[in-house]
Amino acid sequence: MKFDTPEFWEGLSKTKCDDSINQKCLKPETWDKAAATYDDLEKCKDYQAQVTEIINILQQKGALDKENIVLDVACGTGTYSVRMAPFCKRVTCVDISSGMLKKLEEKRSRFGLSNIEIIRQDWNDFEPEGTFDLVFCSMTPLLRDMKNVKKMVSISRRFLAIVTWAGLRTNQLLQKLSREIFGKEVFQKGHDITIPFNYLYTLGLAPNLTFFTGCWERVRPAKKQAENLIWRLEMKRPLSQKEKELVIKRIEGLCDKKGMVRAVTAVRTCFMLIDKKQAKEAIRCD
Ligand SMILES: C[S@@+](CC[C@H](N)C(=O)[O-])C[C@H]1O[C@@H](n2cnc3c(N)ncnc32)[C@H](O)[C@@H]1O
């Protein structure tokens, strides 16, 4: 099959989605477990800068507008939904995890954002009645399978915005533990911008790209940091009691005077924005 067709990239994405880690990433229980500490990342300056810049671009390009209806696919705790809601008519938020959505519900009432609609559903079962001015999707395993991106394209009336990894995601602490427990670094490579970008590009939708590089820092009490690292390692396979104790021991060894442990992930991410109207106009020469 030719690499300059969307079918090629759709087919390639399927071959990369079969492994057990990917299947686990799509289960609600996995994210229910992560929900309690997920928003710790919102305290990180580099992450805040990324979210703010993305909201600014969406506003500048007219994707966020008082008349616009937005869909946030796999919204999680709604980091982006709550930032988009003040600038548009409605944000419909869909996610499979009740734990993540509970956090979003808390934010919706805390910020008085009555235009946020929350739907707990598997994306595969989500069948909206109409289309959306902006379909937004950030950092979800759904972006590994182009069948999901195809659905996002089809229900977007004008804008499609995707945030995903861009070739760098290195957490030294996690890698060290991974080598110690599994004898190697087990984390998946290849789930980043490459396939979605090429898929959209071969559909004739050349996205505008904005890259972000930074250090995503999470400072947590040792117990919480260890729980989070165990959660990440258990994507590979369940850890034995002895292995969990080893993680706890290693993390406790890194505590500062206040009992806190810092974990940093070096990241590069990419924000892709498609304006279907602009894509159509670009091919008119008259
Ligand atoms: C890393 S979080 C990203 C959350 C949010 N978009 C953000 O950028 O902060 C991934 C999210 O994908 C959701 N998810 C995974 N599989 C899903 C599915 N099949 N349908 C809907 N949501 C799903 C998870 O529940 C989780 O909230």
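**Helix packing, sheet and ligand shell**

In this predicted model, in which local features need pLDDT of at least 70, side-chain atom pairs count only at pLDDT 80 or more, and totals for chains, interfaces and linings use all residues, the axes of helix 1 (residues 6-15) and helix 9 (residues 194-202) come within 8 Å and cross at roughly 155°. Residues are numbered from 1 along each chain as its sequence is written. Axes are lines fitted to C-alpha atoms, for helices over the stretch in contact, with angles running from 0 to 180 degrees between N-to-C directions; helices (H or I, at least four residues) and strands (E, at least two) are DSSP runs, numbered from the N terminus. Helix 1 and helix 9 are therefore roughly antiparallel to each other, a term applied to angles over 145 degrees. The contact, for which C-beta atoms placed from the backbone must lie within 7 Å, is made by Pro-6, Trp-9, Glu-10, Leu-12 and Ser-13 of helix 1 together with Ile-195, Asn-198, Tyr-199 and Thr-202 of helix 9. By class, five nonpolar, three polar and one charged residues make up this contact, where Ala, Val, Leu, Ile, Met, Phe, Trp, Tyr, Cys and Pro count as nonpolar, Asp, Glu, Lys and Arg as charged, and the others, Gly among them, as polar.

Helix 3 (residues 28-38) and helix 6 (residues 98-111) pack at an angle of about 35°, their axes being 6 Å apart. Helix 3 contributes Pro-28, Trp-31, Asp-32, Ala-35 and Tyr-38 to the contact, and helix 6 contributes Ser-98, Gly-99, Met-100, Lys-102 and Lys-103; these residues divide into five nonpolar, two polar and three charged.

An open sheet of mixed pairing is formed by seven strands in the order 3-2-1-4-5-7-6, two strands being paired if DSSP finds at least two bridges between them. Strand 3 (116-120) and strand 6 (208-221) are the edge strands, each pairing on one side only, and the twist averages 20° from one strand to the next. Strand 1 (residues 69-73) and strand 2 (residues 90-95) run parallel and are joined by five bridges, with Asp-72 standing opposite Cys-93 in strand 2. Helix 10 (residues 222-233) lies across strand 6 and strand 7 (260-275), and runs at about 130° to strand 6.

The ligand is surrounded by 18 residues, of which the closest are Trp-31, Ala-74, Gly-76, Ser-97 and Ser-138; a residue is near a molecule if its C-beta atom, placed from the backbone, lies within 6 Å of it. This shell comprises 10 nonpolar, six polar and two charged residues.

Note on methods: Angles under 35 degrees count as roughly parallel, over 145 as roughly antiparallel, 65 to 115 as roughly perpendicular and the rest as oblique. Two residues are in contact if their C-beta atoms, placed from the backbone, lie within 7 Å.
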